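Please read them alongside the structure.

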Amino acid sequence: MIVSENSKPEIIEFENLMKETDSFLNKEAKGRESYFQKRNSQLLEEDVCEALKICAKGTKFDGSIELISGSQFPDIVAAKFYGVEVKSTIKNHWTSTGSSILESTRIQSVERIFMTFGKLGSPVEFRSKPYEECLSEIAVTHYPRYKIDMNLKKGETIFDKIGMSYDELRKLENPVEPVSRYYKSRLKEGESLWWASDEKLEEQSVPMTVKLFSSLANEEKERILVILYAMFPQILGNKSDKYNKPALYLMTRFAVVNPSFRDMFSAGGQVDFKINSGFVVKMPAAFGRIAKYKDLIKETLSGTSSETLSENWEIELDGRDKLLQWCELCATEYATTKDSLGYQTAYEILSNIF
């Protein structure tokens, strides 16, 4: 590849190149509409790259336009410093789903990116804008992606909404965190973000089908049960909506549905526990399951961030041992039930279990 002597032409020069390229493509589209309507995404990238090369002749970008395509971001690089991401729709509108917000495949030398969007529904038309100026929201396939809107007005980007510039967000180690924080602030009762986990999000596949809990292997059932006990101490309480958040979590975190969700925790009657005084008391079967899975529960609590526990427990963690605070919450919830033997008995049994 030939690279111009000036590896970083001014942004105004690149803006002019993009305007010329739009004009060129739109002139082509008027006489070759059927041609463009048959182009798939990869072939359209080739068309845009060729248009850029033609329009770059006699400019500082002459000879520096390279089609990258494939799995890297962006699709086209100019003078190593500028980039063009090509998106399109076969419909007659200016919106589409864009690239991942993680940008793990970004070409590191590229600092400024433009979006070239092909509206391939009749009439075929092309528009280019600075990348960050046409990203309106976050849409989720199997990981968060930007939503493109080429008609977006100034002040309406996702970056305006979260109060952080595109460059600030993309350079974060975990760009999902401020985005999920913004969307969580807009959640209504009974809603959840299935794509926002407590760990750094990786670009990896997640279940694309929903399963019934009854179809899972016993080992997977036990793993899920442990996580639900750890995340939602209110399961041991008596509130009428105590299963709502755990059931939603089961669906959004694991893509699993259980029509008999309540039975996961209420079935089994009662189990005997000996307390410090020597008496044997009867406790709900949930305490027996906690005793059975105590090591896994302890491991889950240890490996979960304080932020995630605080969100699910709906309290501010005070810096003490997570397991200790979890036992306190479980005992507090149990003490509200009609057959409760009291907070102290429950806390004593949980302390002895662990």
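Contact here means heavy atoms within 4.5 Å. The model is a predicted one.

1. Helix α8 spans residues 244-254, and its buried residues are Pro-246, Tyr-249, Leu-250, Thr-252 and Phe-254. The elements that cover these buried residues include α7 (218-231), β10 (256-257) and α12 (306-313).

2. Ala-255 follows α8 and has a positive phi, near 55 degrees. This backbone value may be worth a look when the end of the helix is inspected.

3. Val-210, Leu-212, Met-251 and Val-257 together make a nonpolar surface patch of about 310 Å². Of these residues, Val-210 lies in the loop between α6 (176-184) and β9 (211-212).

4. How many disulfides does the model contain? The count is zero, with a disulfide taken as a pair of cysteine sulfur atoms within 2.5 Å. The next two points take individual cysteines in turn.

5. Cys-49 has its closest cysteine sulfur in Cys-55, at 12 Å, so the separation is too far for a bond. Cys-49 counts as buried, because its relative accessibility is 4%, and buried means under 20%.

6. Cys-330 has its closest cysteine sulfur in Cys-327; the two sulfurs are 6.5 Å apart, which is too far for a bond. Cys-330 is also buried, with a relative accessible area of 0%.

Note on methods:
Residues are numbered from 1 along each chain as its sequence is written. This is a predicted model: local features need pLDDT of at least 70, side-chain atom pairs count only at pLDDT 80 or more; totals for chains, interfaces and linings use all residues. Side-chain values use heavy atoms; hydrogens and water are left out. Buried means under 20% relative accessible area, exposed over 50%, partly exposed in between (1.4 Å probe, protein chains only). Helices (H or I, at least four residues) and strands (E, at least two) are DSSP runs, numbered from the N terminus. Patches are made of residues with over 30% relative accessible area and no salt bridge: like charges are joined within 9 Å, nonpolar side chains (Val, Leu, Ile, Met, Phe, Trp, Tyr) within 5 Å. Accessible areas come from the Shrake-Rupley method with a 1.4 Å probe; for residues, only the protein chains shown count as cover. A salt bridge is a side-chain nitrogen of Lys or Arg within 4 Å of a carboxyl oxygen of Asp or Glu.
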